[in-house]
Amino acid sequence: MACYCVVQHNEEMDEDEARRRFEAARVGRLATVTPNRMPHLVPVVFALVDDFLYTAVDDKPKTTVALQRLANIDATGRASLLVDEYTEDWSTLWWVRVDGSAQVLTADSSERGRTARRRGRPGQVGVALEALTRKYPQHVSRPPIGPVIALCVTRWQWWEAVPEVSSAE
């Protein structure tokens with residue numbers, strides 16, 4: 001399934017550099033909207049495979065298994081993920097955000113291999129878990145146990161600070 005990408009940017013960072021920084025980031029902020037139109041943000045680990053961003057519910061303790069992010073995606077079919085670099089030197093700040101259509105996929109481990117039970121391609125859950133395990137060694141011994149969020153990237157947007165040029169007097 002191919003995703004159509006619209007790119008928005010400033011002149012300081014090009015598309016290749018935005019994607020490189022995005023892929024290298026260790027954590028992002030997943031943004032969704034509740035059915036009541038309230039913003040909802042959570043930090044997540046993620047992996048990018050072609051034009052799909054994947055994140056999965058891991059086995060860290062949670063207050064509930066009925067996570068708001070999953071309900072939001074089921075209700076709206078949309079999500080965004082933001083990665084950024086913050087330092088006290090504001091001339092080095094940058095951020096990259098992807099927006100797109102999203103779906104929640106679940107795996108049925110009782111069958112040989114993993115297959116998606118919700119919307120999506122069969123095998124997409126396996127692709128997601130393999131990519132997440134490659135990026136995060138913690139997942140080798142503690143693989144994600146819950147659903148996978150698949151975000152088909154439809155827009156890249158980024159910004160980078162413009163260092164001030166000092167004028168010689």
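**Exercise 1.** Which residues of α1 are buried?

*Solution.* The structure is a predicted model, in which local features need pLDDT of at least 70, side-chain atom pairs count only at pLDDT 80 or more, and totals for chains, interfaces and linings use all residues. Residues are numbered from 1 along each chain as its sequence is written, and side-chain values use heavy atoms, without hydrogens and water.

Step 1. Helices are DSSP runs (H or I, at least four residues) and strands likewise (E, at least two), numbered from the N terminus. Buried denotes under 20% relative accessible area, exposed over 50%, and partly exposed the range in between (1.4 Å probe, protein chains only). In α1, Ala18, Arg21 and Phe22 are buried.

Step 2. Viewed down the axis of α1, these residues fall within an arc of 100°, so they line one face of the helix; the arc is that of the directions from the helix axis to the C-beta atoms.

**Exercise 2.** Identify the contacts of Phe22 beyond its neighbours within four places in sequence.

*Solution.* Step 1. Contact requires heavy atoms within 4.5 Å. The partners of Phe22 include Leu81, Val96, Lys135 and Trp156.

Step 2. Phe22, Leu81 and Val96 touch the most other members of the largest nonpolar core, which has 41 residues. Such a core is a set of buried Ala, Val, Leu, Ile, Met, Phe, Trp, Tyr and Cys residues joined through side-chain atoms within 4.5 Å.

**Exercise 3.** Determine which residues of α3 are buried and which are exposed on the other side.

*Solution.* Step 1. Gln124, Val125, Ala128, Leu129, Ala131, Leu132 and Lys135 are buried in α3. They fall within an arc of 165° seen down the axis of α3, so they line one face.

Step 2. On the other side of α3, Glu130 and Arg134 are exposed.
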